[in-house]
Amino acid sequence: MVLKSISRIKKALPEVQHVVMFYNNGTIFQTTFEQEKNIPKLGENLAEALNHIKKLYEICNYSFENYKKIILETEDISVIILKLGEESNIALFFKKEEDKELKLNAIKRYITRIEDLIDMDEKELIIKDIVAKEEEVKNLHEKLQEKLSSIKNLGINLEKVEKGLLEGDSKKLTKEINDLGIECSNLEKDIEKKSSEIDILKEKIEKKQDTPTLFREIL
Amino acid sequence: MSRAISALIGATITFFVLTFIEHYDFAIIIDLTFGTKEDSYNNFHSLILIISMMIIVTIANEAGLFQFIAIKLIKLSKGHPIYLLIISSLIIVFIAAILNNLLAVIICIPLTITVSRILNINPSPYILTQAVIVNLGASFFIISSIPNILIANYAEISFINFFLNVGLISLIILGFTLAFFIFLYKDDLLIPKEGIPILMEFDVWNLVQNKKLMYQTIISLSILILLFILIPPIILSLDAIALVIALILIIISGLNGKELIQKIDFELIFYLIGIFIITGALEILGVLEIIGIYLGNMLSVNVVFQIIIILWFSAGLSASVDNIPITKVLIPIIGAISKNNPSLYRNYYYYSLAIGSNWGDNLTPLGDNILVLNLAEQHKRPISFNLFFKLGFITTIFQLAIISLIFILIFEFIIGITITSALIFVIFLFYILYTYGSNRIKLKFKSISTNFRNIIIK
């Protein structure tokens, strides 16, 4: 999937010679550079370059929060480093052609796709967690409803047995109702616990600053 | 202040005390640093082994060997959370056994976070498991940690004996610990929906700087382990084998020797020298022997009781103080406690010390393991200090309890088998009740186990 996006980038922008997708710790996820090159060192240096610019900003008291792109132009090659997700970046190595402006918009959607694939930021992770927990709560509610209706049915049967309208063991029915009652109270406790966990996660997400990292805001 | 500087200041004060108050000759400082003919130059052998292993480890790290193996194995999990938890834990233990705890953490934690980003999963359960379990790797081989090297050189324990008596026990405990973590996290590990094909696209060769160097390192490490096992220390000591392999690796790799030497952790070497001098002085002045005899009398004559006390005592001390000076101080004390026992028993005192000093670190997150919290924070996946503390403490107590039981089984078989049978019976009883009991009992068990898990991991 990521490889497909890379080939689409290269097709949309033929002047792109190489693509490097790397994390802030220097790990390269994918690159079009051949294996004969020292790929780990390439990642390490790209990460260091980012880190140096960050330090430069810190010295000048500028905010480096959510950098968008870094452009380096030399005579033959231009390098553009774009921020992808929370901790991921993409470096595009262009062959420089005179009087030709780079049209990064042409590759915008591929890069957004890559970002979605290789790096989810913490906020999105929490949202994902909330959704999963809400799904669990929904399932627990369904289970609870089932059990409550079973209790109701058993209660009706018990009443009939006691009145002699139906044959059956009233003790067994009472025990089943009691067991189901315990299960219901446990389910209610679980629902309460999960709901409070959801509240904590929601509070956590509210505390987090709104950090737009998506590429669509970069271009 | 750097620990090396503190140790060297202590060593300098020791030197002045020895020469001006105790009237020792200057040569004493050389004896304390490198050892004497009588103790077979223990300290010198330890220093050479540590430096040689540092060189080999630096080259292996340069080649990207361990990162390559780690991602290659993680891909085998195909994103299945339980397999991922098991594989990532085994990887960090294996790397810690060959390199050391700190390097294992530095290599594995960022990789785990990267994999979690690809799989879109919460890395906390994996990071916490790795952070706690990494200490087990430190007790696999003699070369796995500095306390092991110091202990083995002093007690003349061979590589294979150490592995059979400490490494294998660590392997058993690893199994128990992994089962414990799977029980704790089984409900929190979600199967990733989208990231698995992306993980499979991760090109592992991107982690390798130089294929040739990687193969050379694999061959060298294999030969090293093989020679450690095959050659008895009387014929060739471990440090000599490691030094030869390190030098051969430098020559065949063609790496810049100057750059390589710069990467050696000289801070650690100076720290060790300082510790050697301070503890050596305490030893020649008879302080450690007095403590040893006093403790030996106090702990009665029961071997297993003494061994278990050493285990818990060294673990407790390592929780708050660095395990290198603790080990160096405790070695002669243990020598004094165990000297009246047969040699077969005597080594168990040292095995117990090796386990306690390596594993005790996790009782508090104040030692080297704090690095895990920093790394997680740096990679924007912070983990809770309290959670880390709780998990580390409970797991270490659990591990030390099992080890104590193993020692009881070895020395007091009847008592050991009685305790083990009782435990197995209780577990079996719980299992029967849980499987065949009424709904009420099943629910009660479920609620107890959920509450227990929540207390530890929430």
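Biologist: Where is the place of B:L330?

Modeller: In this predicted model, B:L330 sits in helix α17 of chain B, which covers residues 323-338.

Biologist: Why does B:L330 count as buried?

Modeller: Burial is judged by counting neighbours: a residue is buried if 20 or more other C-beta atoms lie within 10 Å of its own. B:L330 has 29 C-beta neighbours inside 10 Å, and therefore counts as buried.

Biologist: Which residues is B:L330 in contact with, leaving aside its neighbours within four places in sequence?

Modeller: Those residues are B:S314 and B:L353. A further reference point is B:I291, 39 residues apart from B:L330 along the chain, with 9.7 Å between the two C-alpha atoms.

Biologist: How many helices and strands are there in chain B as a whole?

Modeller: Chain B contains 22 helices and zero strands. Its C-alpha trace spans about 75 × 55 × 45 Å along the principal axes. For a chain of 458 residues, a compact globule would have a radius of gyration near 23 Å; chain B agrees with this, because its own value is 23 Å. Buried residues account for 45% of the 458 residues. Of the contacts in chain B between residues at least 6 apart in sequence, 79% join residues at least 24 apart.

Biologist: Is helix α21 of chain B buried or in the open?

Modeller: Helix α21(B) lies largely in the open, because the number of buried residues among its 24 is zero. This helix, residues 413-436, reaches 33 Å from its first C-alpha to its last, close to the 34 Å expected at 1.5 Å a residue.

Biologist: Let us turn to chain A. In what order do the five strands of its open sheet lie?

Modeller: Strands of a sheet pair through backbone hydrogen bonds, either parallel or antiparallel. In chain A the order is β2-β1-β5-β4-β3, and the pairing is antiparallel. The edge strands, each pairing on one side only, are β2 (28-31) and β3 (69-73). On average, neighbouring strands of this sheet are turned by 15° against each other, direction ignored.

Biologist: How many bridges pair β3(A) with β4 of chain A?

Modeller: Five bridges pair β3(A) with β4(A), residues 77-83, in the antiparallel sense. A hairpin of three residues joins β3(A) to β4(A). As for cover, β3(A) has hardly any: of its five residues, the count buried is zero.

Biologist: Which helix lies across these strands?

Modeller: Helix α2 of chain A, residues 39-59, lies across β1 (16-23), β2, β3, β4 and β5 (88-95) of that chain. Its direction makes an angle of about 75° with β1(A).

Biologist: Finally, how many residues does the contact take from chain A and from chain B?

Modeller: The size of an interface is often given as the accessible area lost when the parts come together. Here the description is by residues: 30 come from chain A and 25 from chain B. On the side of chain A that touches chain B, the elements giving two or more residues are α1 (2-12), β2, α2, α3 (108-118), α4 (122-163) and α5 (170-207). The largest share of that side, five residues, comes from α4(A).

Note on methods:
Residues numbered from 1 in each chain as written. Chains lettered and ligands numbered in written order. Predicted model: local features only at pLDDT ≥ 70, side-chain atom pairs only at ≥ 80, totals over all residues. Pairing = 2+ DSSP bridges. Helix = DSSP H or I, 4+ residues; strand = E, 2+ residues; numbered from the N terminus. Axes fitted to C-alpha atoms, helices over the stretch in contact; angles between N-to-C directions. Contact = placed C-beta atoms within 7 Å. Rg over C-alpha atoms; globule rule 2.2 N^0.38 Å. Buried ≥ 20, exposed ≤ 12 C-beta atoms within 10 Å, placed from the backbone. Expected span 1.5 Å × (residues − 1).
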